[in-house]
Amino acid sequence: MDGTVLSINISTAKGTPKTSVNPGVLIEDFGFEGDAHAGKWHRQVSLLAIESIEKSKGMPTNGLCHGVFAENITTKGIVLYTLPVGTRLQIGEAVIEITQIGKECHEGCAIQKTVGKCIMPKEGVFAKVIKGGNVYNNDPIQIL
């Protein structure tokens, strides 16, 4: 095991913090069922490590929880942003493939307004769904 799922998070609108669900249902070549970022594109799923989130301590994150940076999967024990594009990860029943490291935050981002600085542009990871399936909290994450 290379890492662990701490939380699965979805939202109905882009640019907003996500709400935790368990399980989350990944749909092949689409993303998480019910998530605003899902669709036929290269950023179907977003991932962020708790280790990256902890770097934001000292920012006004009190009362915020997993999904605050709009990540679909909050992970532990795996340094996601160091994995090369094309890396495949087995997460629960599903397989995803990393398509992008980091992103440009859009104008008026609710996360940036709430927290002051978003870490997704440097340490967020995006992926497409190769094989769908249920993903649960505490599922192992294995680099394939």
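The following paragraphs lead through the structure, from the chain as a whole to its strands and then to single residues.

The model is a predicted one. Its chain has 144 residues, and 49% of these are buried. The secondary structure consists of 3 helices and 11 strands. Read from the N terminus, the elements follow the order β-β-β-β-β-α-β-β-β-α-α-β-β-β. The accessible surface of the chain is about 6,800 Å², and carbon and sulfur atoms account for 52% of that area. Contacts across the sequence are described by a further value: among those between residues at least 6 apart, 72% join residues at least 24 apart.

The strands may be considered next. Three of them, in the order β4-β3-β10, make up an open sheet with antiparallel pairing. Its edge strands are β4, residues 31-32, and β10, residues 133-135; each of these pairs on one side only. Strand β3 covers residues 24-27 and is joined to β10 by 3 bridges, the two strands running antiparallel. Within this pairing, valine 25 has asparagine 134 of β10 as its bridge partner. As a general point, the side chains of a regular strand alternate between the two faces of the sheet.

Strand β6 has pairings of its own. Which strand do 4 bridges join to β6? That strand is β1, residues 3-10, and the pair runs antiparallel. Here threonine 4 stands opposite lysine 76, a residue of β6. Strand β5 also pairs with β6, in the parallel sense and over 3 bridges. In this case leucine 47 has isoleucine 73 of β6 as its bridge partner.

Isoleucine 141 lies in strand β11, which spans residues 140-143. Is isoleucine 141 buried or exposed? Its relative accessible area is 0%, and it therefore counts as buried, since burial requires a value under 20%.

Threonine 87 belongs to the loop between β6 (73-76) and β7 (88-91). Its relative accessibility is 10%, so threonine 87 is classed as buried. A polar atom of its side chain lies 2.7 Å from the backbone oxygen of proline 84. Apart from neighbours within four places in sequence, threonine 87 is in contact with Ile96, Glu97, Ile98 and Ile143.

Glutamine 44 is placed in the loop between β4 and β5 (45-49). With a relative accessible area of 0%, glutamine 44 is buried. What does its side chain reach at 3.1 Å? It reaches the backbone oxygen of tryptophan 41. The side chain of glutamine 44 also makes a polar contact of 3.0 Å with the side chain of aspartate 29. When neighbours within four places in sequence are set aside, the contacts of glutamine 44 include Asp29, Phe30, His37, Asn72 and Lys128.

Finally, the aromatic rings may be examined. A search of the whole structure gives 0 aromatic pairs.

How values were computed: Residues are numbered from 1 along each chain as its sequence is written. This is a predicted model: local features need pLDDT of at least 70, side-chain atom pairs count only at pLDDT 80 or more; totals for chains, interfaces and linings use all residues. Side-chain values use heavy atoms; hydrogens and water are left out. Two strands pair if DSSP finds at least two bridges between them. Buried means under 20% relative accessible area, exposed over 50%, partly exposed in between (1.4 Å probe, protein chains only). Contact means heavy atoms within 4.5 Å. Accessible areas come from the Shrake-Rupley method with a 1.4 Å probe; for residues, only the protein chains shown count as cover. Rings of Phe, Tyr and Trp (its six-membered ring) pair if their centres lie within 6.5 Å; planes under 30 degrees apart count as stacked, over 60 as edge-to-face and the rest as tilted. A polar contact is a pair of N or O atoms within 3.5 Å; within protein, one must be able to donate a hydrogen and the other to accept it, and residues adjacent in sequence count only if both atoms are side-chain atoms.
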